[in-house]
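The following exercises are to be worked through with the sequence and the model at hand. Each task is followed by a solution in steps.

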Amino acid sequence: MENTAVVATDLETILRVAVDAPLMRLFDYLPPRGSGPEPAPGQRVHVPFGRGQRVGVIASLASESAVPAEKLRHAQAIIDSEPLLDESLRELLDWTAGYYQHPVGEVYATALPKLLRLGRDTAEPEQRWFATSAGSDIDLDALTRRAPVQARILAAIRQAGNGLAAGDLELARDSWRRGIVALEEKCLVESRAVAVPENEPLPGPELNAAQSEAVHAIRATDGFAVSLLEGVTGSGKTEVYLACIREFAERGLQSLVLVPEIGLTPQLVQRFRQRLGVPMALLHSGLSDSERLNAWCRAADGSAPVIIGTRSAVFAPLPKPGLIVVDEEHDASLKQQDGLRYSARDLAVWRARQLNIPVVLGSATPALESLENARSGRYRLLELPERPGRAQAPEVRLIDLRQRPATDGLSGPLLDAIERHLRADGQVLIYLNRRGFAPVLMCTGCGQVTECRRCDARMVYHMRRAQIVCHHCGSERPAPQHCEHCGESLTPVGQGTERLEAALAQRFPDYPLVRIDRDTTRRRGEIERRLELVRSGEARLLLGTQMLTKGHDFPNVTLVGVVDADQGLFGTDFRSSERMAQSFVQVSGRAGRAERPGEVFIQTLFPDHPLLTRLVRNGYHAFALDALDARRDSQWPPFAYLALLRAEAARREMVFEFLEEARVAGAGLLPRGVELLGPAPAPMERRAGRYRGQLLVRSAQRAGLQRFLTGWRAAFEPVRSARRVRWSLDVDPSELV
Ligand code: ADP
Ligand code: ZN
């Protein structure tokens, strides 16, 4: 250890900076030389880092540093004159870094749009042109005779209603630019900076008693409270959110709405926009860098009363906090599965507590964790037991595939039902969570199946592409004609959506069919186009994977067919049955959303399976209570807290050498109530040519787990075998794979 002449000053002149680097600490700097903004936490700053330069964020100021004086360097320049990240946001980020055992600089980087991370300026609101009252009244014909270009521009602005952005006007053309200047000089138009156009809100339906009660309970909250809004699909949860958000917006307060990736469809955004009529900032993965910057800045300057986004929007600035909503709170996409492995739902609850505001978790199929919190009284349960108006809950039927064998995956009773519903002008939705033509390509001679060369997995046959594809690592190659072992011919076994599409098209040639899965929606805009075919009623048969189960409102679907229930029944993960039940209920919820009663057919080889019968007879809530009892008996979450150390490497020994060293390092630190399980191979041990293993930490208490993790990480991180693997620590893992 070198000499430690600690730099100590009377003033807080040491900048403690969060730098985007994979290290579990802040970095100390002296303030920049020369003049500039007064340093304050939350400002971005250019700092020298190694041999290069980085943009960091001042996390705090300190009066001393443990860095030897001669090594302490000056920051180069402070970028922001005012803090970009306010105190409450910094607290959230600091807490996130600690809780998820993640480098704090990377957490700060996650919270910032890319352009801000690069040191770019914040974005000003967009300028839009509006007609003045004189401009609205003037006779366009008369103007056309005198100044045709000006008349055309004014007509366009008048027609737009919300004004036109500079980008909408053809300002690149000289004549237009001159035209708009002339119009402005005549006071016929004016430009104003607006975040996003506003419009007259459309009226919504009158809330029913359960909805009103929920809205009342949420807005009567003084300060922090978590409401779990459990309502079957189509019961009107979104209307409850809208009513609450409107109320907060009227009080000048912002609402942050988190939705699953797939839920942030143009349809949902459109509905929010029409019904609220206020500026909204949208944050999702489909944005360009400058769109993201603009949305972030409208949240940060408070000009957007509504911020709606996917998982990472939980880190959006919220200077006027009013309400947080997490829609489809059970959805797996709210948990990030790489890098900073945070749960946006859990962070939303933490953030609401810190901001002292209400948070609403909504779902037809709440996570077992949330239901347990409601049962224990930590969350308030608000139920919407019925669909509004005449919409009825669908009738659910199990079809025993042992008695009613299927051809091409479709049993007689399901085929009859499809026919019946199509003839009665209904739409039919067929659900199979498996894309491709067939999940297995098998040899007719020796029975060998074609496997991925890089994973412990089978290759999926895609007939139209004439390829076999691994759905785990993406490897693909031309579909072989003959078995590589014995030379006999190969035959596809089992159903995928591609095969089902062919079978349905052959059976029901007169009815337009739309398939929605990752393969058919690769092109930009394709998913919207296909969903529109369904909504408009043009498509009569609808076939798809998981992509179909979430959030979409298909009012004319009257029959849902679940082709293969057994996929979810025997999963290896402790959450498998919960996920199975959620996707069943979600997909069933697509039936009978409007006036027409719906039917659901579920095909299974195990019609007596207790989970399945409980779900079908008594519904999700009853199923969930049973499942919670089972979790308690076996000490799984929410009755225990988990963290998972995963490792992967090119060779198996490297993985287990590291995990074993980590286990030994942890064994000496274990507090009471915390145990280490493993190491063990991952359920799919080899993936993309790499071997994978894991070590599970289980604890009776969250606090005990947290204390252990901090010490443990510090103990295993420096061991030599750690450098030969890629490892990650997942706190509250959503899957043990
Ligand atoms: P969820 O979010 O629970 O799936 P939505 O809020 O989307 O449900 O409502 C489902 C459908 O029912 C929508 O078409 C919505 O306009 C309609 N709806 C909701 N609440 C009412 C109500 N109180 N009266 C009439 N229709 C309603
Ligand atoms: Zn593979």
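**Exercise 1. An aromatic pair across the sequence**

Determine whether Y461 is buried or exposed, and classify its ring pair with F437.

Solution. Y461 has a relative accessible area of 14% and is therefore buried; buried means under 20%, exposed over 50%, and partly exposed in between, with a 1.4 Å probe and protein chains only. F437, at 9% relative accessibility, also counts as buried. The model is predicted: local features need pLDDT of at least 70, side-chain atom pairs count only at pLDDT 80 or more, and totals for chains, interfaces and linings use all residues. Side-chain values use heavy atoms, without hydrogens and water, while residues are numbered from 1 along each chain as its sequence is written, and chains are lettered from A and ligands numbered from 1 in the order in which they are written.

A pair of aromatic rings is described by the distance of the centres and the angle of the planes. Rings of Phe, Tyr and Trp (its six-membered ring) pair if their centres lie within 6.5 Å; planes under 30 degrees apart count as stacked, over 60 as edge-to-face and the rest as tilted. The centres of F437 and Y461 are 5.7 Å apart and the planes stand at 80°, so this pair is edge-to-face. F437 belongs to the loop between β21 (427–431) and β22, and Y461 to strand β23, so the pair ties together parts 24 residues apart in sequence. Helices (H or I, at least four residues) and strands (E, at least two) are DSSP runs, numbered from the N terminus.

**Exercise 2. A pair within one helix**

Classify the pair of W95 and Y99 and state where both residues lie.

Solution. By the ring rule there are 13 aromatic pairs. In the pair of W95 and Y99 the centres are 4.8 Å apart with 15° between the planes, and the pair is stacked. Both residues lie in helix α1 (residues 87–99), four residues apart, about one turn of the helix. W95 is partly exposed at 30%, whereas Y99 is buried at 6%.

**Exercise 3. The zinc site**

Which residues are the protein donors of the zinc ion (ligand 2), and what is the geometry of its site?

Solution. Donors are N, O and S atoms within 2.8 Å of the metal (3.2 Å for Na, K and Ca); water is not among the atoms, so sites may look incomplete. The SG atoms of C452, C455, C470 and C473 lie 2.3 Å from the zinc ion. Angles among the four donor atoms are 106 to 113°, and the site is tetrahedral, a term that requires all angles of four donors to lie between 85 and 135 degrees. Along the chain the donors follow the spacing C-x2-C-x14-C-x2-C. C455 is in the loop between β22 (440–443) and β23 (460–462) and C473 in the loop between β24 (467–469) and β25 (476–478), so this pair ties together parts 18 residues apart in sequence. C455 is buried at 1%; C473 is partly exposed at 21%.

**Exercise 4. An enclosed strand**

Which residues cover the two faces of β21, and which strands pair with β21?

Solution. Five of the five residues of β21 are buried, so the strand is largely enclosed by the rest of the structure. Q427, L429 and Y431 are on one side, with V428 and I430 on the other. Two strands pair if DSSP finds at least two bridges between them. Five bridges join β21 to the parallel strand β29 (residues 557–562), where Q427 stands opposite V557. Four bridges join β21, again in the parallel sense, to β28 (residues 541–544), where I430 stands opposite L543.

Notes
Tetrahedral: all angles 85-135°; square planar, octahedral: opposite > 155°, others 65-115°.
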